[in-house]
Amino acid sequence: MPLGRVPLKAAHFLDGYDTLTEEVSQQEFEGYTGNAGMELTRWYHPDRTGALLAAAGVSHVIEALGHRLHAAASGSIVTAPANLARAALERWIRDGHPGHADRPAPGRMAALLAEVGACDLASMYLGQVLVADADERPVAGLDALAQRFGCAVLAPALAAVWNASRPASLARDAELLAQVAASQDAAGQTVAQMGAAQLVRLVVADSDTALPGGVAVLSHLAQAVVDLSAENLGRQIGKSLTSERADPAIIQAEAILAVRSRRPTLPAWFHAWSAQVATRLEQQTAKAPQAPTDHARAGLPSCDCPDCRLLDAFLRDSRRPRERFPLRESRRQHLQDIIRLQACDVDTTVERRGSPYALVCTKTQASYERALARHRHALAQHARLGAERA
Ligand SMILES: [Zn+2]
């Protein structure tokens with residue numbers, strides 16, 4: 001098991017540092033002799049092992065906890081599982097977000113905590129780790145936790161997660177909500193009601209901007225509201241999301257179809273929402289995008305350098321399909337960067353003749369093709385909404 005860097009402090013040693021240094025100063029160290037290997041022993045306080053491992057990273061101590069719980073002979077780790085778990089949680093809460101190499105598998109800690117069996121640690125994980133680390137996904141281990149402790153015990157910690165919900169954690173929090181709302185546990189349903197109100201408020205708060213989280217958030221949230229029979233919240237979702245939003249109608253349609261595939265019967269607010277989204281899609285798809293009829297394309301909105309002004313003039317010109325720009329390399333590169341960033345309707349090649357080489361720009365119909373793909377997708381979604389409603 002790799003431990004990484006393990007910093008030591010005097011207090012980590014059994015019986016204190018003074019005793020140790022005295023022992024070490026008196027200890028005879030014999031190197032390899034041919035008859036026996038080298039001998040050197042240190043003792044660490046069992047209660048400190050977790051802290052030592054945690055110093056190397058959260059996932060190390062979680063791995064050690066897994067060994068401690070599962071390995072028939074747990075080897076040299078004699079620390080109580082609860083102490084290891086606590087050390088991991090404390091480190092996790094302090095760091096907030098373990099780095100890429102130190103990310104525990106999603107839900108692993110939840111599953112292990114169900115085995116450790118200490119409800120204060122389970123609450124610490126849900127109520128503090130999840131709040132500190134928006135990327136931790138407990139769902140894989142959540143059923144084990146709920147079975148072990150019951151939703152009533154975990155309810156305050158779950159409430160803390162939803163109270164602290166923010167755009168960065170919304171996808172995870174909505175997934176967690178859907179899972180708790182789907183449980184048959186009365187205490188779970190009660191705390192999920194509170195969570196659903198919190199998350200619906202967050203999603204509908206700013207109806208001018210795009211949905212924070214997209215299809216996954218919305219489908220989990222709608223499913224939870226269906227499972228909780230929370231009519232009022234459902235009507236809020238339907239009403240606010242279909243108000244002035246244009247593009248997200250596609251996202252809403254995806255979410256609606258996802259919930260429909262999971263729940264055979266749905267309440268009135270859901271059907272009303274679905275009908276509104278269908279109407280919105282119908283309006284959006286009434287007019288198909290038109291292919292360009294000449295060579296004029298959208299110009300460049302941003303850069304104002306002389307090269308970009310020439311490119312801009314070429315793009316807007318209805319008669320020129322192709323243009324050469326003889327420029328030295330850095331200026332060709334600049335134009336290519338701009339073309340890529342602005343998604344201009346041109347393909348580029350470099351003509352390696354003469355000096356300087358020329359950037360050759362040939363106009364395409366790329367933005368029309370993208371609009372057409374969006375249009376067809378919206379038409380298909382509209383058809384599916386209608387077909388499954390019938
Ligand atoms: Zn420029």
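The model is predicted. The sheet is open, has 3 strands in the order 1-3-2, and pairs in the antiparallel sense. Helix 7 spans residues 139-149 and has four buried residues, G141, L142, L145 and A146.

**The sheet**

- Strands of a sheet pair through backbone hydrogen bonds, in either a parallel or an antiparallel way.
- In this sheet of 3 strands, the order is 1-3-2 and the pairing is antiparallel. Strand 1 and strand 2 are the edge strands, as each of them pairs on one side only. On average, neighbouring strands are turned by 20° against each other, direction ignored.
- Strand 2 (residues 346-351) is joined to strand 3 (residues 358-363) by 6 bridges in the antiparallel sense. Opposite E351 stands A358 of strand 3.
- The hairpin formed by strand 2 and strand 3 has 6 residues between the strands. In this hairpin, G354 takes a positive phi near 70°.
- Strand 1 and strand 3 are also antiparallel, with 5 bridges between them. E323 has C361 in strand 3 as its bridge partner.

**R322 in strand 1**

- R322 belongs to strand 1, which covers residues 322-326.
- R322 has 12 other C-beta atoms within 10 Å, and a residue counts as exposed at 12 or fewer, so R322 is exposed.
- Leaving aside residues up to four places away in sequence, R322 touches V360, C361 and T362.
- R322 and V360 are 38 residues apart along the chain, while their C-alpha atoms are separated by 7.2 Å.

**The helix across the sheet**

- Helix 16 (residues 329-341) lies across strand 1, strand 2 and strand 3.
- Relative to strand 2, helix 16 runs at about 165°.

**Helix 7**

- The buried residues of helix 7 are G141, L142, L145 and A146. They lie on the same side of helix 7 because they cover an arc of only 150° around the axis.
- These buried residues pack against helix 5 (108-116), helix 6 (119-132) and helix 8 (151-163), and also against helix 9 (170-182) and helix 10 (186-204).
- Just after helix 7 comes G150, which takes a positive phi of about 85°.

Definitions and conventions. Residues are numbered from 1 along each chain as its sequence is written. This is a predicted model: local features need pLDDT of at least 70, side-chain atom pairs count only at pLDDT 80 or more; totals for chains, interfaces and linings use all residues. A residue is buried if 20 or more other C-beta atoms lie within 10 Å of its own, exposed if 12 or fewer, and partly exposed in between; C-beta atoms are placed from the backbone. Helices (H or I, at least four residues) and strands (E, at least two) are DSSP runs, numbered from the N terminus. The arc is that of the directions from the helix axis to the C-beta atoms. Two residues are in contact if their C-beta atoms, placed from the backbone, lie within 7 Å. Two strands pair if DSSP finds at least two bridges between them. Axes are lines fitted to C-alpha atoms, for helices over the stretch in contact, and angles run from 0 to 180 degrees between N-to-C directions.
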